[in-house]
Amino acid sequence: MNAFTHASSKKTVLNLSPDEALKFFLKPESYCNLDLPPYLMFDSLLSDTASVLDGKKLSSMVQKNKVRDYDDVNYTILHNKDGRYAWRPFQLIHPALYVALVHEITDEDRWRSIRERFEIFASDDKIRCLSLPVISESKQKDRAEQVSHWWQQVEQRAIELSLEYDYVLETDITDCYGAIYTHSIVWALHTKAVAKTERKNGSLIGNVIDAHIQDMRHGQTNGIPQGSVLMDFIAEMVLGFSDSELSERLKQEGISDFQILRYRDDYRVFVNNPQDGDAIIKAISEITTDLDLKLNPSKTRASADVVRASIKTDKLSWMSRKQGNKDLQKHLILIHDHASNFPNSGSLARALTDYQKRLSKANLKQESLMPLIAVVADIAYRNPRIYAITAAILSILLAKIDNDDEKIATAKRIQKKFDKLPNTGHIQIWLQRVTLPISSDIKYSETLCKIVFDENIQLWNNSWITSNDLKSAVTAGKIVDKAVRDQLEPTIHSDEFELFLSNPEGYYG
């Protein structure tokens, strides 16, 4: 059975030829998987950079061995994680470094060796990786296919496994991307023994990836950039290596009655003997520790109710309480209460998407608008995961305000509320999308907001580049589509933010 397809009917990146993989990783949505408004586009940036680097080495266009001497080579968008003080850095990798790394990985011989290594990682059917990047073969975006894949292969498969197993244990890795040791990529692709003897071999693909990531991160060896499908794939190299190490460990310990489903850094372990489950979690902990990764004790739990544990608690709660016949304010309060109990959850995103559709068809009285705006803003304030959909709802409500001065004043009040939060670059981007059709005079501190009207803004430090052609290719101003920007409608339509063109087999319930 093909190790690339045994766990899923979905087409993954490992089913691609080198040329197909090159095109896949150079797609704008592979470069940046953060939700952004439609006027922020990376098509020409990536294609221009790829054209300049086609058939050439990046090293011939830059200062020798100087890239990692510069800070701010990548551009970081700060994303508030919990509506308080936790935050996550999403990075737009410097286009030259990104494209150069894609070229290196998709070289024919290197791509073949990477695929062969992943085949070893996937050789044990009892440990299944379900998070390889998938490729959409329909009108849906690749990200939509990825989420649909999660629903089919993790949640649905987990429910099926209740026929075979009586217990399930769950755990995940703390700050996985931020903790990955870049040298462990070399271990994963070549084994530790080869990595040690060939550490100065610049042609070894593991060393190439390691060096490129250090160049992106000021020479750091801890952590990889977060925010692209390419880095998701590189993380899978390390996690896949961990799978193969785990397989060998469990064979040595004589543990055979189990099934593990891994989606990125999340593990679900199915067993019939609770002691086997504890032993497997211990083994995962020890193996990941050897890779400088640590399990999250607060998210490690066990259950004897496999079916219920296989379905997210927030989803069960929302399915049991959905009430579509409430008036718009009561409906929104219901969502607000759900958000308080299950912040940043997938069911919250689905509930708000359904509410946006209902709201877009509703006739509202002027006096009812401000309370609705206040509740939506509060949901967004405390739930950063759903910025795009709450921005869409706010755009509908603001568009219904009759008085233009009141509309601008309300938009500024919303902006002021979010200014109280630290690290809110992502919400500023979406608030700008809301307020642009109202007034272009409302300003934001986020650099990606400033570049919308100032094409000379620099996102990346280009001081290390000596080639004028490459400098021209990576000009940040070209990510703004002025035609789209200038023709924005006051309300944000679902095709600007909605992941799915249609609901994938009831994924959200």
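Q: Which residues of helix 13 meet which ones in helix 15?
A: On the helix 13 side they are Asp314, Lys315 and Trp318, and they meet Gly346, Ser347 and Ala351 in helix 15. Contact here means heavy atoms within 4.5 Å, and helices are DSSP runs (H or I, at least four residues) numbered from the N terminus. One caution: this is a predicted model, where local features need pLDDT of at least 70, side-chain atom pairs count only at pLDDT 80 or more, and totals for chains, interfaces and linings use all residues. Residues are numbered from 1 along each chain as its sequence is written, and side-chain values use heavy atoms, with hydrogens and water left out.

Q: Which residues of helix 13 are buried?
A: Asp314, Lys315, Ser317, Trp318 and Arg321, in a helix running over residues 313-321. Buried means under 20% relative accessible area, exposed over 50%, and partly exposed in between (1.4 Å probe, protein chains only).

Q: Why are they on the same side of helix 13?
A: Because they cover an arc of only 160° around the axis, taken from the directions from the helix axis to the C-beta atoms. The face turned away from the buried side carries the exposed Thr313 and Ser320.

Q: What covers those buried residues of helix 13?
A: The cover includes helix 6 (142-160), helix 14 (328-341) and helix 15 (346-360).

Q: New topic: how many aromatic pairs does the structure hold?
A: It holds 11. Rings of Phe, Tyr and Trp (its six-membered ring) pair if their centres lie within 6.5 Å; planes under 30 degrees apart count as stacked, over 60 as edge-to-face and the rest as tilted.

Q: Why is the Phe118 and Phe121 pair called what it is?
A: Their ring centres are 5.3 Å apart and the planes stand at 75°, so the pair is edge-to-face. Phe118 is buried at 5% relative accessible area, and Phe121 is buried at 6%.

Q: Which aromatic cluster are they in?
A: One formed by Phe24, Phe25, Trp111, Phe118, Phe121 and Phe233.

Q: Nice! What sits over the ring of Trp187?
A: The charged end of Lys192, 4.7 Å from the ring centre. The cut-offs are NZ of Lys or CZ of Arg within 6 Å of the ring centre and within 35 degrees of the ring normal. Trp187 itself is buried, with a relative accessible area of 18%.

Notes. Helices (H or I, at least four residues) and strands (E, at least two) are DSSP runs, numbered from the N terminus.
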